[in-house]
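My notes follow the model below.

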Amino acid sequence: MYPVNYNPISFMSTKYVFVSGGVTSSLGKGIISASLAKLLQARNLRVTIQKFDPYINVDPGTLNPYEHGECYVTEDGAETDLDLGHYERFLNVFTSKANNVTTGRIYRSVIHKEREGAYLGKTVQIVPHITDEIKRRMLLLGNTGDYDVIITELGGTVGDIESLPFLEAVRQLQWELPKEDCVLIHLTLVPYLNAAKELKTKPTQHSVRTLQQDGLQPDIIVCRTEHPIPSDMRRKVALFCNVKPNAVIESMDAKTIYEVPLTMMKEKLDEIVLEKFALKNLPAPNLDRWNDFLHRLFNPEHEVDIALVGKYVELQDAYKSILESFIHAGAENKCKVNVHSIHSEYVDASNVAEKLGGMDAVLVAPGFGERGLEGKIESVRYARENGIPFFGICLGMQMAVVEYARNVLGMKDATTAEIRPNSPNPVIDLMEEQKSLTAKGGTMRLGAYKCRLEEGTLARMIYGKDMISERHRHRYEVNGKYVEALAAAGLKPSGRNPETGLVEIVEIPEHPFFIAVQFHPELKSTPENPQPIFVAFVKAAMEYKEKKQK
């Protein structure tokens with residue numbers, strides 16, 4: 001994933017950056033981590049980011065999207081925190097199972113070792129056994145020799161009980177690693193009190209004090225703020241938090257997360273980190289492609305309205321990768337994409353025209369369960385019958401198949417076996433290898449699989465090659481018993497897994513733009529490499545809008 005002309009600094013040891021957060025959650029540790037990683041990568045360093053989450057779930061795969069946002073899937077099939085999506089989008093480099101670790105995974109590993117007798121009869125305790133396992137995981141990627149810098153984002157907020165073992169592990173690493181190999185960044189909040197008309201540093205002071213009570217001294221403090229922080233206030237934070245004044249970094253709200261690397265470069269965050277690491281004579285960051293993306297993003301020549309029909313639309317993070325993919329594809333087309341979130345549970349035949357009639361394209365999103373399915377089916381029907389560009393993802397594809405079977409083939413009882421296991425026409429059925437499974441966590445078809453594209457199809461034209469690889473997260477598939485009938489009626493399978501024959505893509509050649517995929521293309525879209533289907537979909541929306549206006 002790195003340039004072939006990459007020239008690593010052979011004499012340097014792996015460097016570690018730890019990013020903690022205080023005062024409140026959702027300050028943006030993931031974006032700060034990804035922005036710093038981008039700047040260091042732009043200086044020809046090999047960088048990766050890992051996330052340590054304090055919850056006891058082994059992974060977020062069993063969590064409701066309302067609880068935790070989307071579940072991001074890596075190339076090697078790990079169900080991970082959505083922040084790993086930010087890491088990949090910023091760095092344009094794949095993450096893996098090793099990049100996301102939870103408390104549940106740590107405890108499961110230690111308990112397995114205890115059951116095997118690995119601790120030789122010792123009493124197993126948080127210190128040293130849990131913290132030793134945390135440290136082992138924190139250093140794992142660094143020990144591969146593949147990276148110069150490992151950035152570790154610590155989930156949760158300083159002061160949380162759940163975070164204490166992770167902070168203790170970092171404290172020990174600060175003591176164990178050479179001084180120039182370890183940097184701790186603390187992200188905190190400097191709120192603006194409107195009644196007093198001033199910024200307040202006390203929450204930051206308390207947050208750092210709590211961190212110090214845990215034995216940790218931050219090297220750099222990044223202050224999230226809505227207003228500029230005056231130099232005298234920065235000196236005050238530095239004085240009371242025991243850091244140098246230039247190590248107090250201002251992070252103001254930005255128009256887009258993709259602007260943050262530039263603001264962090266302006267604040268010299270990367271320079272301060274490199275100074276702490278005693279790394280000199282590195283090239284200045286090369287952000288030409290990043291700046292080109294931002295220029296296109298901020299200077300659109302077109303505008304479209306696209307409906308995102310889903311069941312978790314109340315929480316935008318539930319469809320985070322899809323929304324980001326629209327940003328990437330919009331910039332590629334020099335087009336501003338206005339995404340209109342439409343709750344599928346409240347779509348039916350009586351109001352679908354009102355909800356979708358003004359849209360330039362319709363995307364039916366992934367999901368699980370029965371709630372909102374009929375609304376998705378009705379949205380597919382409306383887009384198909386009215387020639388509106390349509391794109392279905394995972395469950396969106398499955399509902400496109402159900403809709404076609406019902407309204408074109410005349411199978412009024414066609415459905416998915418996920419909802420009606422004993423249906424006489426389960427056009428969507430449980431995958432064969434899934435039928436013997438009972439455990440839910442980590443047992444779906446996960447990760448990257450190949451897909452062969454048929455000649456002369458929309459999918460082949462979009463990708464420009466005959467073999468692709470995309471990431472999956474599903475248990476159900478198009479029932480092979482119905483594929484021939486669907487194809488004869490006009491819903492063509494245009495992409496299949498070369499080993500199993502599983503239908504990965506369906507399309508309607510007679511429709512202006514109708515494509516649905518079983519995989520999750522949004523998981524591999526980045527600003528520098530926007531996902532091809534999203535790019536084509538936005539372009540189709542632009543053409544549809546132009547045709548409407550004539």
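**Entry 1. A charged pair across the chain.** I started with Arg-289, which counts as partly exposed at 47% relative accessibility. This is a predicted model. I looked for a partner and found Glu-528, which forms a salt bridge with Arg-289, the closest N and O atoms being 3.6 Å apart. Arg-289 lies in helix H11 (residues 288-298) and Glu-528 in the loop between strand E23 (514-517) and helix H18 (532-549), so the pair ties together parts that are 239 residues apart in sequence.

**Entry 2. A helix-to-helix pair.** Next I looked up Glu-374 and Arg-406, whose side chains meet in a salt bridge of 3.0 Å, N to O. Glu-374 lies in helix H14 (residues 373-385) and Arg-406 in helix H15, so this pair ties together parts that are 32 residues apart in sequence. Arg-406 is buried, with a relative accessible area of 15%.

**Entry 3. A network.** I then followed shared partners. Salt bridges join Lys-51, Asp-53, Asp-81, Asp-83 and Glu-153 into one network. I took one link from this group: the side chains of Lys-51 and Asp-83 meet in a salt bridge at 3.0 Å, N to O. Lys-51 lies in strand E2 (residues 47-53) and Asp-83 in helix H3, so the link ties together parts that are 32 residues apart in sequence. Lys-51 is buried, and Asp-83 is buried too. How many salt bridges does a search of the whole structure find? I noted 35.

Entry 4. I turned to the backbone. Most residues other than glycine have a negative phi, and most peptide bonds are trans. I listed the exceptions I looked up.

- Asn-92 has a positive phi, near 60°, and is not a glycine. I placed Asn-92 in the loop between helix H3 (83-91) and strand E5 (100-102). Asn-92 counts as buried, at 18% relative accessibility.
- Cys-394 also is not a glycine, yet its phi is positive, about 55°. I found Cys-394 in the loop between strand E15 (390-393) and helix H15 (395-407). Cys-394 is buried, with a relative accessible area of 4%.
- Val-127 and Pro-128 are joined by a cis peptide bond, with omega about 20°. I located Pro-128 in helix H5 (residues 126-140).

Definitions and conventions
Residues numbered from 1 in each chain as written. Predicted model: local features only at pLDDT ≥ 70, side-chain atom pairs only at ≥ 80, totals over all residues. Heavy atoms only, no water. Helix = DSSP H or I, 4+ residues; strand = E, 2+ residues; numbered from the N terminus. Buried < 20%, exposed > 50% of the residue type's maximum accessible area, 1.4 Å probe, protein only. Salt bridge = Lys/Arg side-chain N within 4 Å of Asp/Glu carboxyl O.
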